[in-house]
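Look at the sequence and the model first, then read the points below.

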Amino acid sequence: MKTAFILLAQYERAVVPIEEISETYFGCNRNTAIAKAKAGTLPVPAFRCGESQKNQWVIHLSDLAEFIDRQREIAKEDWVG
């Protein structure tokens, strides 16, 4: 099953606010994730929809799915089972 479809079923939208996924997928709290988003150091692209500084930072689920799949491939290469 495709990771992107599973994430879409879970979140029910294509873009998700960073605070909803930061701890689960990036191991950091909301504030750290936002700081990393501003610095461009998250493992996936983060963006704001629009010009306003008040807009939420969001992640597109297809980017998150690619990140998860890459991490899985790395784990499979390292796995000796």
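At 39% relative accessibility, Glu73 counts as partly exposed, a class between buried (under 20% relative accessible area) and exposed (over 50%), with a 1.4 Å probe and protein chains only. The model is predicted: local features need pLDDT of at least 70, side-chain atom pairs count only at pLDDT 80 or more, and totals for chains, interfaces and linings use all residues. Residues are numbered from 1 along each chain as its sequence is written, and side-chain values use heavy atoms, with hydrogens and water left out.

- Glu73 forms a salt bridge with Lys76, and their closest N and O atoms are 3.7 Å apart.
- A salt bridge here is a side-chain nitrogen of Lys or Arg within 4 Å of a carboxyl oxygen of Asp or Glu.
- Lys76 and Glu73 are 3 residues apart in helix H4, so about one helical turn separates them.
- Helices are DSSP runs (H or I, at least four residues), numbered from the N terminus.
- Lys76 is partly exposed, with a relative accessible area of 42%.

**Other salt bridges**
- By this rule the count comes to 3 salt bridges.
- Arg30 pairs with Glu19 in a salt bridge, with the closest N and O atoms 3.8 Å apart.
- Arg30 lies in helix H3 (residues 30-39) and Glu19 in helix H2 (residues 18-26), so this pair ties together parts that are 11 residues apart in sequence.
- Arg30 is partly exposed at 42% relative accessibility.
- Glu19 is partly exposed too, at 30%.
- Arg13 and Glu20 also meet through their side chains in a salt bridge (2.6 Å, N to O).
- Glu20 is partly exposed at 38% relative accessibility, and Arg13 is partly exposed at 33%.

**Helix H1 against helix H4**
- The axes of H1 (residues 3-11) and H4 (residues 61-78) come within 8 Å and cross at roughly 130 degrees.
- That angle makes H1 oblique to H4.
- Axes are lines fitted to C-alpha atoms, for helices over the stretch in contact, and angles run from 0 to 180 degrees between N-to-C directions.
- Oblique covers what is left after roughly parallel (under 35 degrees), roughly antiparallel (over 145) and roughly perpendicular (65 to 115).
- Thr3, Ala4, Leu7, Leu8 and Tyr11 of H1 meet Leu61, Leu64, Ala65, Ile68 and Asp69 of H4, where contact means heavy atoms within 4.5 Å.

Definitions and conventions:
Helix = DSSP H or I, 4+ residues; strand = E, 2+ residues; numbered from the N terminus.
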